[in-house]
Amino acid sequence: MRRDGESSRALLSVRRDPDSVIDGLLVVDRAENLAAVDQREERYRRVSLTPSDLELSAETRHAGCSLYVYEASADQASVRLEIIQSYLDAVLQGFLREYGRAGVERFVRETEGFDATVIADRKTPGYPRAVRLEADEEAYFDALIMQKFSYFAPFVR
């Protein structure tokens, strides 16, 4: 069930592109938790993948797990109204920790969805899995977003 105001929020998403490769993380969870993930990702559709769809480490390749990705549904794929900063912070911090600054900058450059207005909710996060940023992370992420949107100020306070 959607919370009030959530329907106008855009989220970053993936779509299949045979000519592209993206960095990401594989979350391993128990099959009985899949329904809860489906509920959390209600704005997306769960799509099965095969190991050949991914570049996996050797131990993951042989784990025999079912693989899924959550893609924006057709009606959500074109919605690009607003994105909450606390969500963006969590995504960017994850990329920074896993892939470094080069990975974050590649992600921002190549990911669709940064055409949305950014709602500055960092002080009172609306994202349920918000993260705490170090001062240097905060400054770095804000500079990246402002550079991406150099033609207008994306932050609404």
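I began with Phe141, which counts as buried at 1% relative accessibility. Buried here means under 20% relative accessible area, exposed over 50%, and partly exposed in between, with a 1.4 Å probe and protein chains only. The model is predicted, so I noted that local features need pLDDT of at least 70 and side-chain atom pairs pLDDT 80 or more, while totals for chains, interfaces and linings use all residues. Residues are numbered from 1 along each chain as its sequence is written, and side-chain values use heavy atoms, with hydrogens and water left out.

The charged end of Arg101 sits over the ring of Tyr140, 3.8 Å from the ring centre. For this, NZ of Lys or CZ of Arg must be within 6 Å of the ring centre and within 35 degrees of the ring normal. I found a second case at Tyr68, where the charged end of Arg46 sits over the ring at 4.8 Å from its centre.

**Entry: aromatic pairs**

I counted four aromatic pairs in the structure. Rings of Phe, Tyr and Trp (its six-membered ring) pair if their centres lie within 6.5 Å; planes under 30 degrees apart are stacked, over 60 edge-to-face, and the rest tilted. Phe95 and Phe107 form a stacked pair, with 4.2 Å between centres and 25 degrees between planes. Tyr140 and Phe141 form a tilted pair, because their centres are 5.8 Å apart and their planes stand at 45 degrees. I then checked burial: Phe95 is buried at 13%, and Phe107 is buried at 14%. Which residues do ring pairs link into a cluster? I noted Phe95, Tyr99 and Phe107.

I placed Gln85 in helix H4, residues 85–110. Helices (H or I, at least four residues) and strands (E, at least two) are DSSP runs, numbered from the N terminus. Is Gln85 buried or exposed? It counts as buried, because its relative accessibility is 5%. The side chain of Gln85 makes a polar contact of 3.3 Å with that of Asp142. A polar contact is a pair of N or O atoms within 3.5 Å; within protein, one must be able to donate a hydrogen and the other to accept it, and residues adjacent in sequence count only if both atoms are side-chain atoms.

I found Thr111 in the loop between H4 and strand S4 (117–119). Thr111 is buried, with a relative accessible area of 15%.

**Entry: the whole chain**

I listed five helices and five strands, running α-β-α-β-α-β-α-β-α-β from the N terminus. Of the 157 residues, 34% count as buried. Among contacts (heavy atoms within 4.5 Å) with a separation of 6 or more, 80% join residues 24 or more positions apart.

**Entry: confidence**

I looked up pLDDT, the predictor's confidence in each residue, from 0 to 100. The chain mean is 78, and 73% of residues reach 70 or more. Confidence is highest in H4, at a mean of 91, and lowest in strand S5 (residues 155–156), at 56. Over residues 1–7 the pLDDT is below 50, and this stretch has eight contacts in the model beyond near neighbours in sequence. Where pLDDT is low, the predicted coordinates should not be read in detail.
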